[in-house]
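Trainee: I would like to take a close look at a single part of this model, and I would be grateful for one connected account of it.

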Amino acid sequence: MPKRAIDYTLYLVTGRELLPPGKDYYESLEESLKGGVTLVQVREKETDTGEFIEIARRTKEICDKYDVPVLINDRIDVHLAAGTAGIHVGQTDAPLDLARKMIGPDAIIGQSVRSVEEAEKAIQAGADYVGIGAVWHTTSKDLKGRKGLGPEGVGEILDLLAGTGIQAVAIGGIHLPNLPQLLHGSTSPKHGNALDGIAVISDIVGSADPARAAVELRTVLDSFKRGRQNPTKGVFRTEEDLDVRQMLDRVGTLLEVTKKETPLVNQITNNVVINDSANATLAVGASPIMATHPQDVQDLSKAIGSLLINFGTIKDKDGMLVAGRAANVNRKPIVFDPVAVGATEYRRTSSKELLDHWHPAVIKGNAAEIGALAKSTEVASRGVDSAGSGFADPADVVKRLARARACIVVLTGVSDYISDGNIVLKASNGHELLGVITGSGCMTGTLIATFCASARIHHLATQQAYEDDSRLVQGDMFIGALAGVLALNIAAEIAAARSDVKGPGTFRAALLDELYNLTVEEVKKRANLEIVT
């Protein structure tokens, strides 16, 4: 019998101990298959051989109805007795070359790898696929003090696999919120090799509705694969979309939608700028709320249009974790403002914890903050400010970070750079007085979050179809980010030119007035935009 072709897209690893109370294993399995699971690995750590074989046989009977192959974790005897498609072995299980001799050339063999060295050995031993991980912390695997690989570590192994014909799935701590970050961020830097699928346990097995859980995961996975097969220019679908005038028309639409729909924007922000951020939100027509308690933000997530997480004073990290995860689940855009992220170790580890827990639609920061996230040493952090002259090639920095994080990245400065990972837009509006008032950068984040909420509302109203919806959030987040940047900077230009503005104090009040009075026509007339790549 020839070796069976395997679709690794959504690889379910069973774990009966994770089933919700009252949920039958076989019932859960069949529901997950209906939802789109493409491969099943039967994993039984504490079951005796006879029961394991029976579970494997019944699992195969159900999977056969859906033409989904079954693999057995570790146990070659169970695989042979149940007649499954193959086995999966760990680093401490049977040696791969010995297992191949025992099960024959036509069975599938996969192996767990957690380093480039282990992947090299798996290639040499003839693995059909590798399971890379753990990507993030997981309750199903003991990392024994090791850190998760993260998307970048997965990408290093994918680079090694390029051209070998060996398939790859990632496993460990993968959930719907962080799946887009994994898919986009793990694509190998040298060869563009991407994951063939993901292996999940708790997100499906632990769900009361495994069919729905599988459907949601498949939606993101299939969308990512469509995007690779039919590459587009990020959020831009046609050449006309790349025209600055077209972009400004869409910005104008979002300004109008905001005043008409008054989206509710939850802002977990630093206590220095709460009042300014709330007033800026109101000035452009939206409605602010500053909820931070974990229970409050969980319930509130269904009602908001977007979420801003600005961790300038990092006082509400538990609320940030819960709010971000709930926003992802409810498909609400998150704008992340990592204030002074490179200044202290606590800020660096807090940022990593948040970004491992949920996926932002937009990351906004100054040169030091973006540099810290991009692991660049060109610009140092001096408190909440940047030290130094900036990046030699800011467009390249934002593009690479946007690709790695699978989100929009906004770099603020004398000129602002906005990228979706494919193109970079340079916006050169603003005024030097913005640099001498507290919170102008935070207000930019507030307005980006506001217009991203309007972008989602507009998307749902018009039902725009995107080729790659794997980033979870519907709506044109690039234009939402651009609208936020332009609104603040153009209002600042107008405010600074007023005869009643004598310095920072009068400028702050005038800025709020001009945000309130800002028109679509004024934005289109004054916007100074350039597509730089």
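In which sense do strand S17 and strand S18 pair, and over how many bridges?

Mentor: Bearing in mind that this is a predicted model, strand S17 (residues 416–419) and strand S18 (residues 424–427) pair in the antiparallel sense, over four bridges, and within this pairing Ser 419 stands opposite Val 424 of S18. The two strands belong to an open sheet of nine strands, whose order is S10-S9-S11-S12-S13-S16-S17-S18-S19 and whose pairing is mixed. At the edges stand strand S10 (287–289) and strand S19 (529–531), each of which has a single partner strand, so one side of each is left without a neighbour in the sheet. Direction ignored, neighbouring strands of this sheet are turned against each other by 20 degrees on average.

Helices pack on the sheet as well: helix H16 (residues 394–405) touches strand S13 (362–365), strand S16 (408–411), S17 and S18, and its direction makes about 35 degrees with that of S17. H18 also packs on the sheet, touching S13, S16, S17, S18 and S19, with a direction that makes about 170 degrees with that of S17.

Turning to H18 itself, the 20 residues of this helix (residues 477–496) should span 28 Å at 1.5 Å a residue, and its end C-alpha atoms are 29 Å apart, which agrees. Because 20 of the 20 residues of H18 are buried, the helix is largely enclosed by the rest of the structure. At the start of H18, a side-chain oxygen of Asp 476 comes to within 3.3 Å of the backbone nitrogen of Phe 478.

Definitions and conventions
Residues numbered from 1 in each chain as written. Predicted model: local features only at pLDDT ≥ 70, side-chain atom pairs only at ≥ 80, totals over all residues. Heavy atoms only, no water. Expected span 1.5 Å × (residues − 1). Buried < 20%, exposed > 50% of the residue type's maximum accessible area, 1.4 Å probe, protein only. Polar contact = N/O pair within 3.5 Å; in protein donor to acceptor, adjacent residues only side chain to side chain. Pairing = 2+ DSSP bridges. Axes fitted to C-alpha atoms, helices over the stretch in contact; angles between N-to-C directions. Contact = heavy atoms within 4.5 Å.
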